[in-house]
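Hi,

Here is the structure I promised to pass on. Have a look when you get a moment, and my notes follow below.

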Amino acid sequence: MIPMGLSRGGKGNGGGGGRNRSLNERLLRCHEKIRTFLAIAARVAARAGAPKERADAAADVARYFGSAFFDHAADEDESIFPRLPQELAALAARAGAEHVRDEPIVRVMIEECDLISQGVEDEAVYEKLAGVVSELTPRLLEHLTFEEDYLIPAVSELDPALQTAALEEMAQRRDAR
Ligand SMILES: [Fe+2]
Ligand SMILES: [Fe+2]
């Protein structure tokens, strides 16, 4: 069964669910949500479920990737990576470049999911979504694993004041929506 409504309730929670979580936990929770919504997008592309269920799931995917996903990339680019030690700068730059690389294809996925959420049952829309999801999924999963292996472990080693500053920026980023 496709989980519904997972992207709701994001406003004001500070990112990654709950302002009382550590910076590390929030980033990892965001990664789990990205994995979850990629899997939901694949189910939509495969036309799993009844049309109404599929439309709702497509709306969830579009909503998640249109807001929380880009917030997470902005968190990393603007609030996390600049605070990491200099020796990680090249690895952080690689992850940042992957954010830029993936944005256009994510936007296409959102567009196709928006159409399906509106009840469009056109075969061409599903084919386009399937192509985009199959291209995006492996590279995004690899990106998440790369960050988890090389960058996120360093986040918990950051000076607590730096972690607090990053958390405050992340909260402000969501409050500004
Ligand atoms: Fe990232
Ligand atoms: Fe990330």
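Predicted model: local features only at pLDDT ≥ 70, side-chain atom pairs only at ≥ 80, totals over all residues.

α4 covers residues 89–117 and α5 covers residues 123–150; the two pack at an angle of about 150°, and their axes are 9 Å apart. Angles over 145 degrees count as roughly antiparallel, and α4 and α5 are therefore roughly antiparallel to each other. Sorted by class, the residues in the contact of α4 with α5 are 17 nonpolar, 1 polar and 7 charged.

Next, the core. The largest nonpolar core is made up of 39 residues, and those with the most contacts inside it are Ala41, Val44, Val61, Met109 and Cys113. Two or more residues each come from α1, α2, α3 (68–80), α4, α5 and α7 (160–175). The largest share belongs to α1, which gives 10 residues.

Val44 may be a handy place to start browsing. Which residues is Val44 in contact with, leaving aside its neighbours within four places in sequence? They are Arg54, Ala57, Ala58, Val61, Cys113, Ile116 and Leu129. Val61 and Cys113 are also among the core residues with the most contacts.

Finally, a backbone detail for you. Arg47 has a positive phi of about 60°, although this residue is not a glycine. Arg47 sits in the loop between α1 (23–45) and α2 (51–66). Is Arg47 buried, exposed or partly exposed? With 14 other C-beta atoms within 10 Å, Arg47 is partly exposed.

Note on methods: Residues numbered from 1 in each chain as written. Chains lettered and ligands numbered in written order. Axes fitted to C-alpha atoms, helices over the stretch in contact; angles between N-to-C directions. Helix = DSSP H or I, 4+ residues; strand = E, 2+ residues; numbered from the N terminus. Parallel < 35°, antiparallel > 145°, perpendicular 65-115°, else oblique. Nonpolar A, V, L, I, M, F, W, Y, C, P; charged D, E, K, R; others polar. Buried ≥ 20, exposed ≤ 12 C-beta atoms within 10 Å, placed from the backbone. Core = buried A, V, L, I, M, F, W, Y, C linked by C-beta atoms within 7 Å. Contact = placed C-beta atoms within 7 Å.
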